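Let us take a friendly walk through a protein model. Have the sequence and the picture ready as you read.

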Amino acid sequence: MDSKQMMNTLDRLLEEAKVAILANIDESGNPSMRWMSPGLVRGQEGLLYAVTSPKFKKTSQLEKNPSVQWMVQTRDLSEIVSIRGTMQVLDNPSLRSMVMEAIGTKLATFWKINENDTDVVILETVIDEMEYFSASKGIRESITINREDSE
């Protein structure tokens, strides 16, 4: 699978699953995991987006250690994509608008825990590596995302 095929697979799994697991490192150096609702934005190749509140703990954790891993899977676990990358916390109104358009319909839970709709920042993951796994097909493929290929 090349990077374009891998990104298309990720897009398909995100559309089906609606959620993924985000893992990062907390202030104490321990792994921290949570369910998130990420998505892809057209024209932003090699990047995965999510939203959060600047008041949530993960924003300060990411400033100290931006390394993250995502996992998205089908309900029956027949397909899994894992992503390693670097995450930035961005406060950019035009990017926020694009991301909200792409994933806004998946954010019902986020709005329940973040009642202030102006308290939103973008989490941008620059994807470095991706792995696709399908136990039923006996396939495991990994790729490194080459920035020049993604642009």
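This report looks at strands, cores, a helix and charged pairs in a predicted model.

## Strands side by side

Let us begin with the strands. One of the pairings to look for is valine 72 with valine 81, its bridge partner in β5. Between β4 and β5 lie six residues, and the two strands form a hairpin. In the turn, leucine 77 has a positive phi of about 60°.

β5 also pairs with β6: the two run antiparallel and are joined by 11 bridges. Here serine 82 has glutamate 131 in β6 as its bridge partner. Leucine 90 also belongs to β5. Apart from residues up to four places away in sequence, leucine 90 touches Leu95, Val121, Ile122 and Glu124.

## A buried threonine

Now find threonine 125 in strand β6, which spans residues 121–134. Is threonine 125 buried or exposed? Its relative accessibility is 1%, so threonine 125 counts as buried, the cut-off being under 20%.

Its side chain has a polar contact of 3.0 Å with the side chain of tryptophan 70. If we leave out neighbours within four places in sequence, the residues in contact with threonine 125 include Gly46, Leu48, Val68 and Met87.

In soluble globular proteins, nonpolar side chains tend to be buried together. In this model, the largest nonpolar core has 24 residues. Leu10, Trp70, Val72, Val81, Ile83, Ile127 and Met130 have the most contacts inside this core. At least two core residues come from each of α1, β1, β3, β4, β5 and β6. Which element supplies the largest share? That is α1, with six residues.

There is also a second, separate core, made of nine residues. Among them are Tyr49, Val51, Leu95 and Val120.

Helix α3 covers residues 93–103, and its residues Leu95, Val99 and Ile103 are buried. These three lie on the same side of α3, because they cover an arc of only 45° around the axis. The buried residues of this helix pack against β3, β5 and β6. On the face turned away from the buried side, you can find the exposed residues Pro93 and Glu101.

## Charged pairs

Side chains of opposite charge can pair when their charged atoms come close. How many salt bridges does the structure hold? There are three salt bridges.

One of them joins glutamate 79 to arginine 12, with their closest N and O atoms 2.8 Å apart. This pair links distant parts of the chain, 67 residues apart: glutamate 79 sits in the loop between β4 and β5, and arginine 12 in helix α1. Glutamate 79 counts as buried at 10% relative accessibility, whereas arginine 12 is partly exposed at 39%.

Another salt bridge brings together arginine 96 and aspartate 91, at 3.0 Å from N to O. Arginine 96 is partly exposed, with a relative accessible area of 21%, while aspartate 91 counts as exposed at 59%. Arginine 140 forms a salt bridge with glutamate 131, and their closest N and O atoms are 3.0 Å apart. Arginine 140 is exposed at 52% relative accessible area, and glutamate 131 is partly exposed at 25%.

Key: Residues are numbered from 1 along each chain as its sequence is written. This is a predicted model: local features need pLDDT of at least 70, side-chain atom pairs count only at pLDDT 80 or more; totals for chains, interfaces and linings use all residues. Side-chain values use heavy atoms; hydrogens and water are left out. Helices (H or I, at least four residues) and strands (E, at least two) are DSSP runs, numbered from the N terminus. Buried means under 20% relative accessible area, exposed over 50%, partly exposed in between (1.4 Å probe, protein chains only). A polar contact is a pair of N or O atoms within 3.5 Å; within protein, one must be able to donate a hydrogen and the other to accept it, and residues adjacent in sequence count only if both atoms are side-chain atoms. Contact means heavy atoms within 4.5 Å. A nonpolar core is a set of buried Ala, Val, Leu, Ile, Met, Phe, Trp, Tyr and Cys residues joined through side-chain atoms within 4.5 Å. Two strands pair if DSSP finds at least two bridges between them. The arc is that of the directions from the helix axis to the C-beta atoms. A salt bridge is a side-chain nitrogen of Lys or Arg within 4 Å of a carboxyl oxygen of Asp or Glu.
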